[in-house]
Amino acid sequence: MRRAWMRLCAAATVAACTAAPCVVAVVHACGQAAAAVASADEAASRFTRHDVFTTAAAGGARRYYLETPDGGNVTSMTARGRLPWTIDVDYALNGPNVDADALWGADGTVQIHVHVAPDMRADGSMRRYARQLRLFTTFTLPAQAVKDVGAGDGVAIARRGDAIVVSSTAAPGETLDMRVFVEATKFSMGDIAVAALSADSATAYGDGLRALGAQSSTLTEAVNRQRGRSEDDGANAAFLATLTQLRDQERALAEQRIAELTKAHQRAFRDYMAAYVGSYTNHLSGSIGTKTQMTALMGTAGELNGDTPLAHAVTALATAVNDVSDAYQHIGAADEVDRIITRIRQQGTDGLADDLKRTAGEQARIGAQMYADGQGQLSRAMIPYSMAYTDVYTSELNDLTGGDLARAGAASAEAIAATNARNGAGTLGDDMAGVDAAMATLASAREHTGAANAAEQILQRFPDELADGGAEGADVDVRMQLQPVLRDSPLMRATYEQWLRDPLGGQARARRASRIADAEKQQQATHGAKDMSTLVTPSANDAAAEISKYAGSVTSSIGGGGGGDGATAGKPGDGGQPRQASKTISEDQWMALVDANPWGRTFIAPDMQPSIDETVRIASVRPALDATAGELADGGALAGQVTSTRSGDVLDTRFLIVRGAH
């Protein structure tokens, strides 16, 4: 009975301590938390000469993270009262307003309306910030899920890699009212960042946004330090060093392979076009003329298969397309490893294995679908380009020969050179832009595939480092991970240690963890020594099977050839070939190797995850802030809207507020 009472008291104490939304519990006991909740006026005075980070949670006390603009230790506090601004976001789908949750995965026209205004109900000190700080609002959209983006005046829309960044600004004391219209498939969007700062030029505003982004990215790391955790402590230091080496290696490989294979692809492309119009020349009849002879083009269709120079050239082009696209996997792998490094520094390795499994599956799916879409896009782009190229070539050949077919063979090489010289001009240049856009889609797809590969390979190669807590599995280390209020309480420490000794509690969990680790090691042993050369696995595309995707579409468009409309390219999958099966053992397989038990949950566990999740969310907007800073540079879409507004010490404060998109 006494034991049951102790457990009940401990559980009640934990619930009481962890329920309060108070970051100061990181460094103080729950009994001290109430005293740390400041009024709005008190908070405003403490914000002076600090960078202030928070999320736009509704109502109640709000958690703030404070850091001096020139860097330094992060302090945290909670405050009751209103922010200097109200932040309202509403959405519409195909006309009617809807809740944010109804948008996710939706197709159609999405309207996003962001309204940020000075809060006239806020306390006087807070309103002073609203009067003297310029507002910036920004968010991202995934490019692969967006057909078109439009917005009202004063809104900047920019493409940054796989993301579309939307941003706007408003002068101090004024309302920022931004409406964005998105033609979407499977809609999603990033969190909305609201930054408020002052500077004396557009360039200085850009520097301020970048500084806020840089400091936000280290916010979780600073909170972890408050918990007594260091980014380089324990077994993670060696793991981080290895991951850093792998990331830098992938970046070097990306630079080397992309440059090398881009040149190879350019050669293969020109060789293909030369073979294409060479075959076409052999089928010309009568006077050459200035426009493509369709009968000659039909004759070319018969040479797409078999042992012909054209068939070999098309196969070589398909191989080059696959190879140069594959090279972009190294970029995706490097970016994913960089994300893993940041994640470990922010949150440790707890739960990382499950995170990597999800990432591998999701990125592989996105990459496969995007590559299939890109193949169809390339197939369709080759139709107008090949026709335009043949028109220009025919005209050049006619000029060189005076229309004399007998002289066509001798003049063909010169006509090809003249046609290539016009590749960036006129209709031919416009059609080449379509081909380049398709190649960019294929490259972007392979970046996702590279991220999936990296996640899979990290799972396979580092099971010990990814085991729950790694070297932190000992009882003493588990206790050291607890919140200080739990770790330093004799009652709670005694209760936790009692749980650790319980055959149906801590002992059962320890046995299960040990057997999982043994199973992972056994699985790892089947792969042999760790391969540190690259995290990227070559794709399994059969270039010879893709002739129809890169050339047959041209002949099918005029009634010749077969199966060349890009239909095969539009099927979900990896270039028409099955993706290599993952060698990562599934969660179900792990569970078959261990004894599952219903008492495997920790009785007393640290409750720092809310603040960790919050700071990670704040850090996630850094790319959007950096992109918005770019729009303030000379010639940027926001540069002309910004003027100096610096006045007063209060302007040494900068705010970054993140509102969840859903």
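Hi everyone, let's start at one residue: Ala-237 is found in helix α6. Helices here are DSSP runs of H or I with at least four residues, strands are runs of E with at least two, and both are numbered from the N terminus.

Before I go on, a word on the model. It is a predicted one, so local features need pLDDT of at least 70 and side-chain atom pairs count only at pLDDT 80 or more, while totals for chains, interfaces and linings use all residues. Residues are numbered from 1 along each chain as its sequence is written, and side-chain values use heavy atoms, with hydrogens and water left out.

Back to our residue. Which residue has its C-alpha 9.6 Å from that of Ala-237, though 108 residues away along the chain? That is Arg-345, and Arg-345 lies in helix α9, residues 329–347. Arg-345 counts as partly exposed, at 31% relative accessibility.

Now let's zoom out. The chain has 21 helices and 14 strands. Of its 662 residues, 50% count as buried. Its accessible surface comes to about 28700 Å², and 51% of that belongs to carbon and sulfur atoms; the areas come from the Shrake-Rupley method with a 1.4 Å probe, and for residues only the protein chains shown count as cover. Contact means heavy atoms within 4.5 Å. Among contacts between residues at least 6 apart in sequence, 78% join residues at least 24 apart.

Next, the inside. A nonpolar core is a set of buried Ala, Val, Leu, Ile, Met, Phe, Trp, Tyr and Cys residues joined through side-chain atoms within 4.5 Å. The largest core has 52 residues, and those touching the most other members are Phe-47, Trp-85, Tyr-91, Ile-112, Phe-139, Leu-141 and Met-189. Take Met-189: leaving aside neighbours within four places in sequence, its contacts include Tyr-91, Trp-104, Ile-112 and Ala-661. There is also a second, separate core of 48 residues, with Tyr-276, Val-324, Leu-378 and Ala-415 among them.

Ala-415 takes us to helix α11, where it is one of the buried residues, along with others including Ala-408, Ala-411 and Ile-416. Helix α11 covers residues 408–421, which is 14 residues, and reaches 19 Å from its first C-alpha to its last. That is close to the expected 20 Å, where the expected span is 1.5 Å times one less than the number of residues. Where is the kink in α11 centred? On Glu-414, with an angle of about 30°; the bend at a residue is the angle between axes fitted to the seven residues ending there and the seven starting there.

Another helix to find on your screen is α3, residues 124–132, where Met-126, Tyr-129, Ala-130 and Gln-132 are buried. The buried residues of α3 pack against α2, β5, β7, β8 and β14.

Now for the aromatic rings. Rings of Phe, Tyr and Trp (its six-membered ring) pair if their centres lie within 6.5 Å; planes under 30 degrees apart are stacked, over 60 edge-to-face, and the rest tilted. By this rule there are eleven aromatic pairs. Why is the pair of Trp-104 and Phe-187 edge-to-face? Because their planes are at 85°, with the ring centres 5.7 Å apart. This pair links distant parts of the chain, 83 residues apart. Trp-104 is partly exposed at 27% relative accessibility, whereas Phe-187 is buried at 1%.

Phe-239 and Phe-462 make a tilted pair, 5.3 Å centre to centre with 45° between the planes. Phe-239 lies in helix α6 and Phe-462 in the loop between α12 and α13, so the pair ties together parts that are 223 residues apart in sequence. Phe-239 is buried, with a relative accessible area of 3%, and Phe-462 is buried with 3% too. Finally for rings, Phe-47, Tyr-64, Trp-85, Tyr-129 and Phe-655 form one aromatic cluster.

Last stop, the backbone. Most residues other than glycine have a negative phi. Arg-49 has a positive phi, near 60°, and is found in the loop between α2 and β2. Asn-94 also has a positive phi, of about 55°, and lies in the loop between β5 and β6. Arg-49 is partly exposed, with a relative accessible area of 45%, while Asn-94 counts as exposed at 52%.

Methods
Buried < 20%, exposed > 50% of the residue type's maximum accessible area, 1.4 Å probe, protein only.
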